[in-house]
Every structure is written in C-alpha cells, then in structure tokens.
Amino acid sequence: MIEARNTVHPLSLYEQLTKQTKTLFESYGSEIQLKKGSVLFYEGDKADHIFLIEMGKVRLTKTSAEGKVFFLQIKKRHDIIGELSLYNAINYHFNAEIVQDTILHRYNRKDVEELLLKNNELAVCFMKSLSTENHTILSQFRDLIFCGKEGAVYSILIRLSNEYGKEISTGLLINRKITNQELANYIGATRESINRILKRLIKNNIISVNTKYITIHNIDYLKEHLRCKHCPATECTI
C-alpha cells in the first residue's frame with residue numbers, strides 16, 4: 001500500500017498567537033458572511049481591507065487578458081487574505097472567490113498597520129506567515145518552470161493527495177472530485193494538454209481515474225520526477 005506524504009501543515013498566523021493577542025486582534029475586525037459562488041474582491045480592486053477566515057474556503061485566482069483563469073491557492077480557516085497590501089497600499093493582485101459558504105473577519109488595512117507597529121508578537125507572526133506563503137507559491141512555480149507542464153501536473157497531484165489523500169488497497173485515493181479543467185487552471189495549461197498527460201499516466205499504471213476521482217498507484221514515480229526529497233513537506237499543499 002502506498003503511504004501518503006506525512007505533510008505537517010504549518011500553523012496559521014492566527015494559531016500562533018497567544019490568547020490575549022487573539023482577543024486584541026479580533027476586537028479590530030467586523031464579521032461578514034458570504035455565500036458560495038460570490039466574490040470577496042477582484043484583481044485590481046483597492047486594497048482597503050485584510051481578511052481572516054473564520055469558516056469556509058476562498059480560492060485565489062488570476063485572470064489573463066484573454067480571460068484564462070489560473071488557480072493560485074485555496075485559503076481555509078484561520079488563513080489571512082490581503083496581507084500583501086500592508087504598508088504599500090497596492091491593489092489586490094488576484095481575485096478572491098468564495099468556494100464554500102464563508103464567515104470572515106474584515107479589518108481596515110490602516111488599523112492593522114498601526115496594530116502591527118504596536119504589537120511585536122503579531123508583527124513577528126505576520127512575517128512568519130508571509131515567509132511560508134512565499135515559499136509555497138514559489139515551490140509551485142518552480143515545479144512549473146523547471147519541470148514543465150507534465151511536472152506541474154505531478155506537483156498538483158501530490159499536493160492534492162496531501163490535502164485529500166485516503167489510503168486504499170490499490171494506492172492513494174484523492175478523495176474529492178477534480179476535473180481536467182480544474183487541473184488545467186492550476187498550472188495555466190489547456191484541458192487538452194492535461195488529457196494527454198493523464199492518459200500517459202493511466203497507460204503506465206501510475207494513476208487511474210473513476211468518475212473524476214483520481215487514485216495514485218505509484219506516487220514515488222511522481223516524487224522522483226520532481227525530486228521531492230529536496231523540499232520541505234510543509235510547502236506541498238494547495
């Protein structure tokens with residue numbers, strides 16, 4: 001039986017805070033609720049707010065001039081959104097789409113900037129969080145740039161297995177439906193190129209697909225192609 005990578009998810013910024021600082025931070029925010037399918041903000045909108053997810057999921061995406069969508073990340077409970085605008089007031093550089101009914105705490109950006117100057121613990125946690133986010137995003141682009149679209153597909157399959165993997169008798173089941181178009185959006189490829197890559201993997205018995213559920217039969221093959229042993233497991237998430 002194939003074992004899933006023992007991924008240890010890094011603590012979110014919020015989870016690193018002491019109870020006292022959590023209470024202080026929460027006191028600055030106001031709660032908002034958004035339904036699945038709505039949009040928190042669009043790329044290019046003025047970045048007046050920072051958001052903390054209390055419940056639900058938010059997908060960060062970018063859209064090309066031709067309308068092509070590229071998936072960046074899925075943000076979950078206790079993740080921060082919009083922190084890159086702190087102290088520089090740059091506009092949001094991605095779209096934030098609600099993929100599950102979501103509750104967030106919304107903060108005025110200038111209030112957070114002032115609070116970070118006053119609270120060393122919160123400032124250090126923000127820096128740690130930014131560092132982790134940067135490494136995760138850079139590792140995704142590294143797999144795409146140095147390993148091409150095929151390597152990028154391998155990378156996404158491994159990341160999905162770390163998030164949703166379930167051990168079964170024939171390997172590692174990614175326990176959520178995922179379409180070829182969704183895979184294409186994660187790496188900026190066409191659905192047709194994803195079809196070709198998956199067909200080769202299926203032919204070589206590396207994976208199998210059943211009603212949009214993917215089972216990985218030989219995850220070591222994917223790892224060896226990407227030289228996974230050289231990167232921290234904490235970077236290998238969606």
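Trainee: Which residues of α4 meet which residues of α6?

Mentor: K149, E150, V153, Y154 and L157 in α4 meet I194, I197, L198, R200 and L201 in α6. Contact here means heavy atoms within 4.5 Å. This is a predicted model, in which local features need pLDDT of at least 70 and side-chain atom pairs count only at pLDDT 80 or more, while totals for chains, interfaces and linings use all residues. Residues are numbered from 1 along each chain as its sequence is written, and side-chain values use heavy atoms, with hydrogens and water left out.

Trainee: Why are α4 and α6 called roughly perpendicular?

Mentor: The axes of α4 and α6 (residues 191–203) cross at roughly 70° and come within 10 Å. Axes are lines fitted to C-alpha atoms, for helices over the stretch in contact, and angles run from 0 to 180 degrees between N-to-C directions. Angles of 65 to 115 degrees count as roughly perpendicular, under 35 as roughly parallel, over 145 as roughly antiparallel, and the rest as oblique. The pair α4 and α6 is therefore roughly perpendicular.

Trainee: What is the handedness of the crossing of α4 and α6?

Mentor: The crossing is right-handed. That term applies if the near helix is turned clockwise from the far one by less than a right angle, and left-handed if anticlockwise.

Trainee: How do you know whether I197 is buried or exposed?

Mentor: I197, in helix α6, has a relative accessible area of 4% and is therefore buried. Buried means under 20% relative accessible area, exposed over 50%, and partly exposed in between (1.4 Å probe, protein chains only). Leaving aside residues up to four places away in sequence, I197 touches K149, E150 and V153.

Trainee: What makes β9 and β11 edge strands?

Mentor: Start with the order of the open sheet of four strands, which is β9-β10-β12-β11 with antiparallel pairing. β9 (165–168) and β11 each have a single partner strand, so one side of each is left without a neighbour in the sheet. Neighbouring strands of this sheet are turned by 25° against each other on average, direction ignored. Strands (E, at least two residues) and helices (H or I, at least four) are DSSP runs, numbered from the N terminus.

Trainee: How do you know that β9 and β10 pair?

Mentor: Two strands pair if DSSP finds at least two bridges between them. Four bridges join β9 to β10 (residues 171–174), and the two run antiparallel. I168 stands opposite G171 in β10. Helix α4 (residues 120–164) packs on this sheet, touching β9, β10, β11 and β12, and its direction makes about 85° with that of β10.

Trainee: How many bridges join β2 to β7, and how many join β4 to β7?

Mentor: β2 and β7 pair over two bridges in the antiparallel sense, and V39 stands opposite E97 in β7. Four bridges join β4 (residues 58–63) to β7, again antiparallel, with A96 as the bridge partner of L60.

Trainee: Why are A89 and K212 called partly exposed?

Mentor: A89 has 41% relative accessibility and therefore counts as partly exposed. K212 is at 47% and therefore gets that label too. A89 is in the loop between β6 (80–81) and β7 (95–98), and K212 is in the loop between β11 (207–210) and β12 (213–216). Neither is a glycine, yet A89 has a positive phi of about 60° and K212 has a phi near 75°.
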